[in-house]
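Student: I would like to go through this chain question by question. Can we look at it first?

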Amino acid sequence: MKNTLLTKLFTKLSDLKEKMSFEIDPEITDISLLNMKHYLNLRKYDFSQLQDDLTKVGLSSFGRSQAHMEASINVALEMLALALKKELHLPKPRLSYEASHAIMDKNAEIFSTSNDKTKIMITVPSDFTKDKAWFSNLSNEGVHLFRINTAHDAPEAWNQMAQSIKDARCEDKDLKIYVDLAGPKIRTVLKKSKKTGKSKKIKLLYGERVLIRSSHQPLHEEKSKHYDAIIGCTLEKLGSLVNINDTVFVDDGKIEMVIDEILGEDILCRVLTRSEKGVSLKDEKGINFPNSDIAIHAICDHDKEVLPHICEYADIIGISFAQTPEDIDDLIEQLDLLGKKGSIGIVAKIETKKGVENLPRILEALIRYGNSGIMIARGDLAIEIGFENLAYMQEEILDLCTAAHMPVILATQVLENKMKTNIPSRAEISDVAFAHKAECIMLNKGEYALETITILTTILKQMDLIFRKNKLLYNPSFQWK
């Protein structure tokens with residue numbers, strides 16, 4: 001009976017090994033790219049039952065083998081062959097267990113050469129000059145990277161931030177400077193008050209009709225009476241890029257609307273968010289069109305203008321809204337023109353449906369470049385793919401990146417309550433335990449940054465002591481078939 005089970009396992013594993021290399025170019029020389037393709041091939045099939053059967057006989061279920069798929073399957077086949085007294089002559093795998101983890105460790109040095117397993121990055125606030133010891137205090141508490149966001153402030157302020165980070169460096173810790181390009185984020189444009197010059201807030205109620213204009217020009221007074229509210233949008237030719245019944249989210253999903261009509265380049269939406277007092281809409285808030293296939297380049301004109309400035313001090317540059325491998329190539333081309341190709345790291349921020357769909361190709365472009373990483377930007381990503389799908393998707397992205405030996409930053413709302421109020425929620429603590437799987441965790445701005453870093457480093461050290469006993473089940477991946 002036992003031999004029958006072992007024989008069945010041997011047959012199934014041999015079949016799996018054959019499927020693993022199906023249609024892969026034999027000329028591939030990069031072992032990280034090869035391993036990623038092996039992993040993607042295997043994820044086309046459901047072998048969760050096989051995983052359970054392997055566990056029953058004391059063999060690896062491959063639940064944590066993403067970084068070295070061929071070597072793990074070979075070991076299992078060799079063990080089964082010994083038990084069955086079969087002759088088996090497998091070619092040596094091109095990537096061993098030890099080599100794969102050495103590659104992962106080396107690639108993770110893009111964030112820091114520190115021995116800490118999970119690195120910590122924090123966003124520099126606009127008022128950073130209020131506390132002269134802010135950078136050094138956070139560095140001493142456990143921060144490895146500081147993030148400068150070019151969507152805010154100006155080149156002069158970014159230079160001051162970068163210089164302050166350099167001043168905080170010491171022999172024991174070479175702090176990294178991470179600079180996010182603003183990218184083509186679609187934002188609201190509200191009418192400014194003639195008295196104050198500031199943009200007015202708009203209150204929206206359920207069922208109200210809102211005209212979103214791709215032009216910022218004022219609408220004729222008679223026409224404006226037909227709508228409950230009119231807002232501008234930074235995306236040009238909006239009407240030709242969306243469809244009736246598409247969903248529109250504004251301000252990180254706080255306001256939900258649906259497109260009722262397309263009026264040339266403008267769209268007429270109906271508010272779906274229910275609130276007795278209404279919801280306030282402000283200027284420069286993000287707009288998401290999760291059902292619309294909006295093809296825009298990640299590297300926008302503003303990014304190209306600021307690149308010469310930030311390349312003087314950036315160790316890593318983040319590409320916001322990376323959606324295709326061409327977005328990676330665009331930045332590489334710009335860095336090449338500035339003589340910085342290869343010396344500055346690249347991180348592709350995955351925050352759209354299209355970015356997720358094209359992730360294997362994006363990873364391939366990053367592998368070719370080297371000195372690169374991925375950020376799971378959970379804010380816009382949750383809106384784009386649906387909040388209910390985020391937990392599953394961040395696991396899938398982490399596993400695929402492990403297969404590609406690509407280091408990952410997990411971002412958005414990490415210990416956000418702690419940062420703002422000094423009181424963490426229970427859910428936030430559990431989230432950090434999950435974030436421990438990534439090579440780097442990003443915190444945003446907050447008054448209690450130092451206290452937050454203290455609790456974060458404590459949790460990470462505790463998690464380092466825990467054996468990860470979770471077994472990952474390889475059901476077919478619906479995402480990258």
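**Burial, packing and backbone**

Student: Where does His38 lie?
Tutor: Helices are DSSP runs (H or I, at least four residues) and strands likewise (E, at least two), numbered from the N terminus. By that numbering, His38 lies in helix 2.

Student: What kind of model is this?
Tutor: Residues are numbered from 1 along each chain as its sequence is written, and side-chain values use heavy atoms, with hydrogens and water left out. Local features need pLDDT of at least 70, side-chain atom pairs count only at pLDDT 80 or more, and totals for chains, interfaces and linings use all residues, since this is a model of one kind: predicted.

Student: Is His38 buried or exposed?
Tutor: Buried means under 20% relative accessible area, exposed over 50%, and partly exposed in between (1.4 Å probe, protein chains only). The relative accessibility of His38 is 5%, so His38 is buried.

Student: Which residues does His38 touch, not counting those up to four places away in sequence?
Tutor: Contact means heavy atoms within 4.5 Å. With that cut-off, and without residues up to four places away in sequence, the partners of His38 are Met20, Ser21, Ile24, Met69 and Glu70.

Student: What is the volume of the largest cavity?
Tutor: On a 1 Å grid over the protein atoms alone, a cavity is a set of points where a 1.4 Å probe fits but cannot get out; lining residues have an atom within 4 Å of a point. Points are joined across faces, edges and corners, and a volume is the space filled by probe spheres set on the points. The count is one cavity of 30 Å³ or more. The largest cavity has a volume of about 30 Å³.

Student: Which element gives the most to the lining of the largest cavity?
Tutor: The lining consists of Ile31, Leu34, Asn35, His38, Glu70, Arg94 and Leu95. Ala, Val, Leu, Ile, Met, Phe, Trp, Tyr, Cys and Pro count as nonpolar, Asp, Glu, Lys and Arg as charged, and the others, Gly among them, as polar. The lining divides into three nonpolar, two polar and two charged residues. Four residues of the lining, the most from any element, come from helix 2 (residues 31-42).

Student: How do helix 10 and helix 12 pack?
Tutor: Axes are lines fitted to C-alpha atoms, for helices over the stretch in contact, and angles run from 0 to 180 degrees between N-to-C directions. Helix 10 (residues 325-337) and helix 12 (residues 359-369) have axes 8 Å apart, at an angle of about 25°. Angles under 35 degrees count as roughly parallel, over 145 as roughly antiparallel, 65 to 115 as roughly perpendicular and the rest as oblique. Therefore helix 10 is, relative to helix 12, roughly parallel.

Student: How many residues of the contact of helix 10 with helix 12 are charged?
Tutor: Helix 10 contributes Pro325, Glu326, Ile328, Asp329, Ile332 and Leu335, and helix 12 contributes Arg361, Ile362, Ala365, Leu366, Arg368 and Tyr369. Eight residues of this contact are nonpolar and no residue is polar, while the number of charged residues is four.

Student: Is Phe321 buried or exposed?
Tutor: Phe321 sits in the loop between strand 13 (316-319) and helix 10. Its phi is positive, near 55°, though it is not a glycine. The relative accessible area of Phe321 is 12%, so the residue is buried.

Student: Is Gln413 buried or exposed?
Tutor: Gln413 is in the loop between strand 16 and helix 15 (416-421). It is not a glycine, yet has a positive phi of about 60°. With 56% relative accessibility, Gln413 is exposed.

Student: Which residues does Ala411 touch, not counting those up to four places away in sequence?
Tutor: Ala411 belongs to strand 16 (residues 408-411). It has 1% relative accessibility, so it counts as buried. Beyond four places in sequence, Ala411 touches Met375, Ile376, Ala377, Arg378 and Met442.

Technical notes: On a 1 Å grid over the protein atoms alone, a cavity is a set of points where a 1.4 Å probe fits but cannot get out, and a pocket is an open set with protein on both sides within 12 Å along at least five of seven lines; lining residues have an atom within 4 Å of a point.
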